[in-house]
Amino acid sequence: GKVLVLHGPNLNLLGTRQPEIYGYETLDDVNNALREKAVQADWDIDCLQSNHEGVLIDAIHAARLDGTGAIIINPAAYTHTSVAILDALNAFEGTVYEVHISNVHQRESFRHHSYVSLRANGVIAGLGTQGYQAALDALIKAKAASSR
Ligand code: DQA
């Protein structure tokens, strides 16, 4: 299996950005925990953060061709704005799980709508940075990224 983890804009600031909302774990902490879990399951994992919509889209395109079976994506603010990321994910044939660290439904109304949810096979919100691990656990349990 091979899984791609994508983090959208401002998530490079994780741990220092509004920690009352997003917690004190850094993006490296998150990615390291995911890598450890992937290794245990004998899966390949790539983790990428970008503040640029097109970089995220290019990574989704690459995942169509390199045997990636599943994408875990926190599109961050692009969740609520990006038809282009939705379109890219619609061109990807594997499993897509959408993760939000915070409970977006408890926050401003502009965070209640997600374009990406139209494509996501599953959505996790409000579990903190643990949400990424929950997503990877669920993928591994479902063997969702095997055999592509
Ligand atoms: C977020 C929620 C988004 O509304 C916000 O723009 C983010 C992070 C989250 O993980 O809770 O940057 O996706």
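## Basis of the description

Two residues are in contact if their C-beta atoms, placed from the backbone, lie within 7 Å. The model is predicted: local features need pLDDT of at least 70, side-chain atom pairs count only at pLDDT 80 or more, and totals for chains, interfaces and linings use all residues. Residue numbers start from 1 along each chain, following the sequence as written.

Helices (H or I, at least four residues) and strands (E, at least two) are DSSP runs, numbered from the N terminus. A residue is called buried if 20 or more other C-beta atoms lie within 10 Å of its own, exposed if 12 or fewer, and partly exposed in between, with C-beta atoms placed from the backbone.

## The sheet

The model contains an open sheet of 5 strands in the order E2-E1-E3-E4-E5, with parallel pairing; two strands pair if DSSP finds at least two bridges between them. Strand E2 (44-49) and E5 are at the edges and have a single partner strand each, so one side of each lacks a neighbour in the sheet. From one strand to the next, the twist averages 15 degrees.

Strand E1 (2-7) is parallel to E2, and the two pair over 6 bridges. Within this pairing, valine 5 has cysteine 47 in E2 as its bridge partner. E1 also runs parallel to E3, to which 5 bridges join it, and here valine 3 has alanine 70 as its bridge partner. Of the 6 residues of E1, 5 are buried, so the strand is largely enclosed by the rest of the structure.

Helix H3 (residues 53-65) lies across E1, E2 and strand E3 (70-74), and runs at about 170 degrees to E1. Helix H5 (residues 130-141) lies across E1, E3, E4 and E5, at about 160 degrees to E4. For these angles, axes are lines fitted to C-alpha atoms, for helices over the stretch in contact, and values run from 0 to 180 degrees between N-to-C directions.

The loop between H3 and E3 holds glycine 67. This glycine 67 counts as partly exposed because it has 13 C-beta neighbours inside 10 Å. Glycine 67 is 64 residues from valine 3 in sequence, whereas their C-alpha atoms are 8.9 Å apart in space.

## The annotated active site

An unreviewed UniProt entry places the feature "active site" at Tyr22 and His100. UniProt positions are given in the numbering used here, feature names are shortened, and annotations may be inferred rather than shown by experiment.

Tyrosine 22 belongs to helix H1 (residues 19-22) and is partly exposed, with 19 other C-beta atoms within 10 Å. Leaving aside neighbours within four places in sequence, tyrosine 22 is in contact with Leu14, Arg17, Ile101 and Ser102. Histidine 100 lies in strand E4 and counts as buried, with 22 C-beta neighbours inside 10 Å. Not counting residues up to four places away in sequence, histidine 100 touches Asn74, Ala125 and Gly131. Alanine 125 in E5 also stands opposite histidine 100.

## The annotated binding site and the ligand shell

In the unreviewed UniProt entry, the annotation "binding site" covers Asn74, His80, Asp87, Ile101, Ser102 and Arg111. These residues are spread over 38 residues of sequence and also in space, up to 24.3 Å between C-alpha atoms. Aspartate 87 lies in helix H4 (residues 83-90) and is partly exposed, with 13 C-beta neighbours inside 10 Å. Arginine 111 is placed in the loop between strand E4 (95-100) and strand E5 (122-125). Arginine 111 is likewise partly exposed, with 17 other C-beta atoms within 10 Å, and it touches His80 and Val104, not counting residues up to four places away in sequence.

Around the ligand are Asn10, Asn74, Ala76, Ala77, Thr79, His100, Ile101, Ser102, Val104 and Arg111; a residue is near a molecule if its C-beta atom, placed from the backbone, lies within 6 Å of it. By class, this shell has 4 nonpolar, 5 polar and 1 charged residues. Ala, Val, Leu, Ile, Met, Phe, Trp, Tyr, Cys and Pro count as nonpolar, Asp, Glu, Lys and Arg as charged, and the others, Gly among them, as polar.
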